[in-house]
Amino acid sequence: MNLPLARRLASLLAASALALALCGASRAIAADFQAEIPLPEGARSVEVSRPDEPLYQAPSTSAARRGAASKGARLPVFAMTRGPGCEGYFISVGPLAWLCDAGGSLSAAPPDTTEATVPPDGLPYRYYFVGPNGTLGYRALETAEDGVPDTELLKGFGVALVRVAHKSGGDEFGLTTAGVWVPMRDLNSVTAPVLRGQELDGASPAVVWVVSDSPAAFVEPEKARDRSLKLSKFQQLPLLEEREVKGHHWYRVAEKSWLSDRDARTPERVEPPAELRPGERWLDIDTNRQMLTSYVGDKPVFATLVSTGRGVDGTELATPKGVHRLWVKLRTSDMDNLDDQSAAENYAIQAVPWVMYFE
């Protein structure tokens with residue numbers, strides 16, 4: 001998975017809302033571990049009994065955190081096994097998602113099917129970047145900043161907050177998805193992007209987005225400027241006509257107003273890949289135009305701008321080209337390069353939203 005963007009959380013947003021659990025993938029993950037404990041007959045879900053209950057990528061409390069579950073949520077059950085850090089047993093509740101039974105109880109009730117509510121800006125949490133002086137995190141709000149910190153967060157690290165509360169005395173702290181409290185005075189809020197994608201009706205995409213900070217319109221391609229059209233970055237306009245002039249694409253967006261591909265982008269309809277199954281959903285990522293188009297079969301249903309890897313082809317910072325099949329879709333996933341000792345700069349971002357792993 002390409003993870004090149006450390007400073008722009010917004011550019012990691014995908015275009016569609018994705019489900020947390022894929023049953024087939026979960027069974028495949030569970031098969032990697034010896035199922036020491038058979039599933040009780042009639043057990044259909046596990047009801048979470050504690051707030052912000054941690055989920056781990058493997059049946060061990062020393063494994064990487066997968067996320068957190070809300071108290072009262074009923075999660076699907078796929079397998080059970082024993083593992084370090086849990087006195088009872090771990091329960092597989094989704095792909096790369098294991099919960100210790102101390103944080104939940106098996107139930108005959110069906111798992112929740114209602115999708116989690118997502119705010120209008122598309123972000124499942126409130127996101128912040130750590131300020132220039134870094135910050136310290138504490139497991140308990142009551143003793144925050146009074147004793148030894150439990151963790152240190154460096155400048156530029158991204159945190160996702162579950163909630164905000166005041167400590168006795170008035171200082172405001174935020175509880176991160178990693179389960180630590182950090183002082184709000186050390187954090188800078190992330191503003192959600194104003195860009196919104198465009199639903200399509202199955203016909204060829206006929207939409208243009210402005211992509212430059214100082215766009216210019218022209219009365220004709222390579223002719224005089226059209227100063228009557230007011231433009232702004234990420235503005236969406238209708239595509240009325242397209243021409244190629246001197247190696248550049250030009251888009252007519254009004255009666256006598258043209259934009260060049262120096263300042264604007266439009267999706268291009270493409271043929272489905274040979275590997276596609278009948279009626280299957282798939283995404284076309286155009287790394288040249290920096291566009292994503294979502295299809296059902298051969299019909300485009302959604303389009304938006306994207307920000308892909310900016311490295312040289314074949315390097316870690318490049319988006320790998322080719323046809324790839326998604327193997328898991330996640331509501332959120334932590335991303336960092338803290339184990340890369342050769343990295344020029346470390347980054348860490350909690351709960352990156354709407355993640356699709358394909359490699």
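Predicted model: local features only at pLDDT ≥ 70, side-chain atom pairs only at ≥ 80, totals over all residues.
**View 1. The disulfide between C86 and C100.** A search of the whole structure finds one disulfide, which joins C86 to C100 with an S to S distance of 2.1 Å. The torsion about the S-S bond of these two residues is about 80°, so the disulfide is right-handed. Because C86 lies in the loop between β5 (79–81) and β6 (90–94) while C100 belongs to strand β7 (residues 97–100), the pair ties together parts that are 14 residues apart in sequence. C86 counts as buried at 9% relative accessibility, and C100 is likewise buried, with a relative accessible area of 9%.

**View 2. The salt bridge between D213 and K233.** Among the 15 salt bridges found in a search of the whole structure is the one in which the side chains of D213 and K233 meet, at 3.4 Å from N to O. Both D213 and K233 lie in the loop between β17 (207–210) and β18 (236–238), so this pair ties together parts that are 20 residues apart in sequence.

**View 3. The salt bridge between R262 and E222.** The side chains of R262 and E222 meet in a salt bridge with an N to O distance of 3.4 Å. Since R262 is placed in the loop between β21 (257–260) and β22 (264–265), and E222 in the loop between β17 and β18, the contact ties together parts that are 40 residues apart in sequence. R262 counts as partly exposed at 42% relative accessibility, and E222 also counts as partly exposed, at 33%.

**View 4. The salt bridge between R289 and E268.** R289 forms a salt bridge with E268, in which the closest N and O atoms are 3.9 Å apart. R289 lies in the loop between β23 (281–286) and β24 (291–296) and E268 in the loop between β22 and β23, so the pair ties together parts that are 21 residues apart in sequence. R289 is buried, with a relative accessible area of 14%, whereas E268 is partly exposed, with a relative accessible area of 42%.

**View 5. A network of salt bridges.** Four residues, E220, E241, R243 and R252, are linked to one another in a network of salt bridges.

Technical notes: Residues numbered from 1 in each chain as written. Heavy atoms only, no water. Disulfide = S-S within 2.5 Å. Helix = DSSP H or I, 4+ residues; strand = E, 2+ residues; numbered from the N terminus. Buried < 20%, exposed > 50% of the residue type's maximum accessible area, 1.4 Å probe, protein only.
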